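Open the model in your viewer and keep the selection tool at hand. The stops below go residue by residue.

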Amino acid sequence: MSSRRKFLKTTVLGSVLAGTFSGVANGAVRRKKGKGQKPVVISTWRNGIQANEEAWKTLISGGRALDAVERGVMVVEADPKDRSVGYGGRPDRDGNVTLDACIMDEHSNCGSVACLQNIMHPISVARKVMEETPHVMLVGEGAYKFARSQGFKKENLLTPESEKQWKDWLKKSNYKPVINIENHDTIGMLALDANGNISGSCTTSGAAWKLPGRVGDSPLIGAGLFVDNEVGGAVATGLGEAVIRTAATTITVEMMRQGHSPAQAAKLAIERIMRVHKNHPDMPNLQVGILALNKDGEYGGHSVRSGFNFSVCNSDGNRLEDAKFRLKWN
Ligand code: SD4
């Protein structure tokens, strides 16, 4: 083979392997440009309305999606009425409020904390892990010490209301975490900024009355949150164990890479979760909700069961939408 032909052959092969051949990046399928808007921010549940409002201030002034998703969820972390996030979150069965959070930016940088106690804003500690350490995730005492070293205050996060609920629970100590009914306010947020960059955040106190040390999906990149700025992002809420078993947000983003809209991708991921859990003891009460957002500002949400809603804010306003679902609660 002439050296020129050999060169051409290896260059073309190299392009195909790198996924750049004919402009298709990393196996992504070209879709028609979507009808979404930018900037846009979406977040799980009704508590996303107040969070979106804060995030929108950053987005509308041309700020970065990363700042928007951090500032947005901080509002909910500081809200004592929200029983599943930050201050006021329900404790584990020993009465300790332990928090999980993660954040991911448009360069695939990410940071995470799990089982963090006595710090009001785990999302900001997660961002510090991303920006100030060579690591992605810190847990427990190590996460706490790191937070303190970064200037975060020690605070008591157990409110009298949450403490009372815990004491009532202790009377029977019956552990049946029916997420979506008794503890459904975890917040996951995705934003697309005016420059077309996507970031995401997720923060929670996890399942109420959990075993001490239990970590859910929310601080796990690829489970509770995944962002790939070439394609889009996804966040999950609901039974974390089911989300972890299926890497649910990763597969949602990969479905979008294959050409599916965010709404279709979220639906396919939910169907996958249901297939995997068909004969699983978690299935009778299983609830998972997934939100997805793509680079065109299109978004969608889907859940296993009815009742999952999400908040959307773009130039059309800030509003609550019901997600599509596969099953009705009986
Ligand atoms: C967890 N996924 O810790 C969280 C809980 C949640 O709505 O999202 N509740 O499993």
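Which residue lies over the face of Trp-329? Select Arg-305: it sits 5.1 Å from the ring centre. A charge counts as over a ring if NZ of Lys or CZ of Arg is within 6 Å of the ring centre and within 35 degrees of the ring normal.

Before moving on, note that this is a predicted model: local features need pLDDT of at least 70, side-chain atom pairs count only at pLDDT 80 or more, and totals for chains, interfaces and linings use all residues. Residues are numbered from 1 along each chain as its sequence is written, and side-chain values use heavy atoms, with hydrogens and water left out.

Next, the rings. The structure holds 4 aromatic pairs (Phe, Tyr or Trp rings, the six-membered one for Trp, with centres within 6.5 Å; planes under 30 degrees apart are stacked, over 60 edge-to-face, the rest tilted). Select Trp-169 and Trp-209: this pair is stacked, 5.6 Å centre to centre, with 15 degrees between the planes. Both are buried (under 20% relative accessible area, 1.4 Å probe, protein chains only).

Now pick Phe-308 and Phe-310. Their centres are 6.4 Å apart and their planes at 40 degrees, so the pair is tilted.

Last stop: Thr-186. UniProt, in an unreviewed entry, places "active site" here; such annotations may be inferred rather than shown by experiment. Thr-186 is buried, at 9% relative accessible area. Its contacts (heavy atoms within 4.5 Å) beyond four places in sequence include Trp-45, Ser-84, Cys-202 and Thr-237.

Note on methods: Buried means under 20% relative accessible area, exposed over 50%, partly exposed in between (1.4 Å probe, protein chains only).
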